[in-house]
Amino acid sequence: MASVFMRIFNLICMMLLIGHWSGCLQFLVPMLQGFPSNSWVAINELENAFWLEQYSWALFKAMSHMLCIGYGRFPPQSLTDMWLTMLSMISGATCYALFLGHATNLIQSLDSSRRQYREKVKQVEEYMAYRKLPREMRQRITEYFEHRYQGKFFDEECILGELSEKLREDVINYNCRSLVASVPFFANADSNFVSDVVTKLKYEVFQPGDIIIKEGTIGSKMYFIQEGIVDIVMANGDVATSLSDGSYFGEICLLTNARRVASVRAETYCNLFSLSVDHFNAVLDQYPLMRRTMESVAAERLNKIGKNPNLVTHKEEDLGSESKTINAVVNALAAEADHVNGSDESVARLNSSDRSLHELGRTLKRLTLPRPKSENNFASQDIPLQRGSEHNGRPSFHKSDTFHKESTFQ
């Protein structure tokens, strides 16, 4: 913006300088001709006037031509005056056009984001008219743009993509500072974990009545609520509870690879940050403690809405090939040990290597080996479902019940 102001200032100075020299020409040329009787100097009786008065009238005449206002007090009477007038008008028109161009550029640069927003909205309106969308849908789209961009449009992804990795991380952390401050889950978490999560978040906006998550679908992301209220809707249409600023939901199916266990509907305009399943797993693989924390909270919330909390237990098919191999070896050795133990004579005939195998099998059988990747606190617990005595077997809590900020669903 400062550069635009400087260019306009330079242009004004250039116009004044051109006007000065044009005014000098307006007087010097008639003077060199001996002030003919039809020259503007003679007509105005300025031949013997003081030099300042002569210069002032010459500058006035030149500026009148340059600004396309008129010819001064009198139009040109001679051929010389006519050519001088045309020269002044051409130079003035050129400077005037440059001035208007720079001024327009300055006005547009004062709020380029708002101008881009108006252009974007205009494109959207033309698209809706071209597709002949219904009036109600057009209204919702217009309201979405108004709430989403607040009258300003930025290509944030492009802007951040041109920054260095460290600078981009600092900008994202600053932009998400209100979210981090409102989510207790982040308050006690490792700062590196918080940074890894927020740099992968994507900003999304939902309107009242939008279904953010639909029950029975495969989950591809979880959500953090920056602002707004969402309802957790059960299969029978009842609202189990509501979540507001600082809560998060949608992580259960990401932990279990199962389908959504409830629907989530926007009650008001909701500003959310979403985390995709790929980024979710990539971050939690680096922070297993945070995975166990999310699993414990998820199981607690499943229990409260009347679902089986053991849904967050890792399935057997999720084990790695190494853990399956270990289990197969243990079972085989244990079976062979039982078979050998059934006959004392068979044991006596075992050579040294067989006896070692026998002892190994019996030892492994007595041991309780931990499950590989056992990052779940609920694998061996049987948490009863808390049911009330209300109608239709609904859970004993009301929509007005508030979950602590680490409440999770889906």
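Reader: What makes R177 count as lying over the face of Y174?

Author: In this predicted model, R177 is placed 3.8 Å from the centre of the Y174 ring, and a charge sits over a ring if CZ of Arg is within 6 Å of the ring centre and within 35 degrees of the ring normal. R148 lies over a face as well, that of Y149, at 4.8 Å from the ring centre.

Reader: Which residues are linked with Y149 into a cluster by ring pairs?

Author: Ring pairs join Y149 with Y144, F145 and F153. By the rule that ring centres lie within 6.5 Å, the count of aromatic pairs comes to nine.

Reader: Why is the pair of F193 and Y287 called edge-to-face?

Author: The two ring centres are 5.3 Å apart and the planes stand at 75°; since planes over 60 degrees apart count as edge-to-face, the pair of F193 and Y287 is therefore given that name.

Reader: What makes this pair a tie between parts of the chain?

Author: F193 belongs to helix α11 (residues 191-198), whereas Y287 is in the loop between α13 (277-286) and α14 (288-304), so the pair ties together parts that are 94 residues apart in sequence. Both F193 and Y287 are buried.

Conventions
Residues are numbered from 1 along each chain as its sequence is written. This is a predicted model: local features need pLDDT of at least 70, side-chain atom pairs count only at pLDDT 80 or more; totals for chains, interfaces and linings use all residues. Side-chain values use heavy atoms; hydrogens and water are left out. Rings of Phe, Tyr and Trp (its six-membered ring) pair if their centres lie within 6.5 Å; planes under 30 degrees apart count as stacked, over 60 as edge-to-face and the rest as tilted. Helices (H or I, at least four residues) and strands (E, at least two) are DSSP runs, numbered from the N terminus. Buried means under 20% relative accessible area, exposed over 50%, partly exposed in between (1.4 Å probe, protein chains only).
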